[in-house]
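Have the viewer open and follow along.

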Amino acid sequence: MSDATDTGREVLQTEAAALSVLADNLPPDFDAVVDLIATLPGRVIVTGIGKSGHIARKIAATLASTGTPALFVHPAEASHGDMGMISGDDAVLMLSNSGEAVELRDIIEHTRRFGVPLIGLSSRPLSTLMRAADHHLTIPALPEACGIGMVPTTSTTLTLALGDALAVALLRRRKFRPEDFGVFHPGGKLGAQMARVEKLMHTKVPTVSPDTPMPDALLTMTAGGFGIGAVVADGALRGVITDGDLRRNMANLMDQTAGDVATRDPLTVPPDMLAAKALAILNERKISVLIVCDGDVPVGILHIHDLLRAGVA
């Protein structure tokens, strides 16, 4: 085994052990911070400098994507005009392992002057930040995983994990649903998985009546291009004709009507179903196409290729 592998394993074990310590010693103010943010009329302003600043950006992004309005404010930019981004309805979550970064002092003073709640996240409970803060998220002061005690490793991992813990606690407090998550992730893989059937379905449904002769029904199905036909009476779906129905009735197919050949009470999906769930149904039933119904009225056709092209799989 190489020295690099040994080092990598050592770093991960050090950080994993630190996370276990944090889990067993969650800051006493954690509940109060969740209560504060959950009832906040404004936003969570997350800030930090250096490596803490990078972690702060990620925490702000995670909060915002899970239903808690949040943004990152760079402390240096805040000192040159961006302080106006912080309103009296907001709360500031300030990250600093040492709690003594001089770049943070202008924001600290601003929160004290205008009564903006300040949440300090640091490993030093007696630092300038933590003495000024209204709420204290103290992480364990454990050795950095670098071996020289200087490179932010363990401390940034703990800070990031505590930010995730806050975001998830707030998510559950708000009863945040997958549908809500989709609102904030309209693009990429997550956006595709959160898409609704109505976004991906074809709205032109090949329909025939129950008494349509099968030669005419076949022409309608062929023109539709999906290998399926909806049998509709009085606007309501009465059955579906698929390629399988055609094969099962091959002996006297042309002498029958659409109503004779159709599968009654076919499987359908509603337009507001998540596309990912519709894909699971297609895979489970080993079929490639579904009729989309609003109540019992057919409004679209969903083909597995549409889901695959959209990146749902």
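Helix 2 and helix 7 cross with a right-handed sense. In this predicted model, helix 2 covers residues 30–38 and helix 7 is the partner it packs against, at an angle of about 55° with the axes 10 Å apart. The two helices are therefore oblique to each other. On the helix 2 side, the contact is made by F30, V33, V34, D35, I37 and A38, and these meet L162, A165, L166, A169, L170 and R173 in helix 7. By class, the contact of helix 2 with helix 7 holds 10 nonpolar residues, no polar ones and two charged ones.

Helix 7 (residues 154–173) also packs with helix 3 (residues 51–65). The table puts the two pairs side by side.

| Helix pair | Angle | Axis separation |
|---|---|---|
| Helix 2 and helix 7 | about 55° | 10 Å |
| Helix 3 and helix 7 | about 15° | 10 Å |

With an angle of about 15° between them, helix 3 is roughly parallel to helix 7. Their crossing is right-handed. From helix 3, the residues K51, I55, K58, I59, T62 and L63 take part, and they meet T156, T159, L160, G163, D164, A167 and L170 in helix 7. This contact of helix 3 with helix 7 counts six nonpolar, four polar and three charged residues. L170 is listed in the contact with helix 2 and in the contact with helix 3.

What does T68 touch, once its neighbours within four places in sequence are left aside? The contacts of T68 are I37, V44, L63, L170 and R174. T68 itself sits in the loop between helix 3 and strand 2 (70–72). Is T68 buried or exposed? With a relative accessible area of 1%, T68 is buried, the cut-off for that class being under 20%.

Five strands build an open sheet, ordered 2-1-3-4-5, with parallel pairing. Strand 2 and strand 5 (135–138) are at the edges with a single partner strand each, so one side of each has no neighbour in the sheet. From one strand to the next, the twist averages 20°. Within this sheet, strand 1 (residues 44–48) and strand 3 (residues 91–95) run parallel and are joined by five bridges. One of the pairings puts V46 with L93 of strand 3 as its bridge partner. Helix 2 comes back here: it packs on the sheet and touches strand 1, strand 3, strand 4 (118–122) and strand 5, its direction making about 125° with that of strand 5.

L129 belongs to helix 6 (residues 128–132). At 0% relative accessibility, L129 counts as buried. Not counting residues up to four places away in sequence, L129 touches M94, S96, G99, I108, L118, G120, L121 and S122. From L129 to A161 there are 32 residues in sequence and 20 Å in space, C-alpha to C-alpha.

A second sheet has four strands, open, in the order 6-7-8-9, and its pairing is mixed. Strand 6 (207–208) and strand 9 stand at its edges, and each has a single partner strand, so one side of each lacks a neighbour in the sheet. Strand 7 and strand 8 run antiparallel, with six bridges between them. In that pairing, G229 stands opposite I241 in strand 8.

The loop between strand 7 (228–233) and strand 8 (236–242) holds D234. D234 is not a glycine, yet its phi is positive, near 55°. At 82% relative accessibility, D234 counts as exposed. D265 also has a positive phi without being a glycine, at about 50°. The place of D265 is the loop between strand 9 (263–264) and strand 10 (268–269). With a relative accessible area of 72%, D265 is exposed.

Strand 11 (residues 289–294) and strand 12 run antiparallel and are joined by six bridges. V289 has H303 in strand 12 as its bridge partner. Two residues lie between the strands of this hairpin, and G295 takes a positive phi near 70° there. How many of the seven residues of strand 12 (residues 297–303) are buried? Five are, so strand 12 is largely enclosed by the rest of the structure.

How values were computed:
Residues numbered from 1 in each chain as written. Predicted model: local features only at pLDDT ≥ 70, side-chain atom pairs only at ≥ 80, totals over all residues. Heavy atoms only, no water. Buried < 20%, exposed > 50% of the residue type's maximum accessible area, 1.4 Å probe, protein only. Pairing = 2+ DSSP bridges. Axes fitted to C-alpha atoms, helices over the stretch in contact; angles between N-to-C directions. Parallel < 35°, antiparallel > 145°, perpendicular 65-115°, else oblique. Left-handed = near helix turned anticlockwise from the far one by under 90°. Contact = heavy atoms within 4.5 Å. Nonpolar A, V, L, I, M, F, W, Y, C, P; charged D, E, K, R; others polar.
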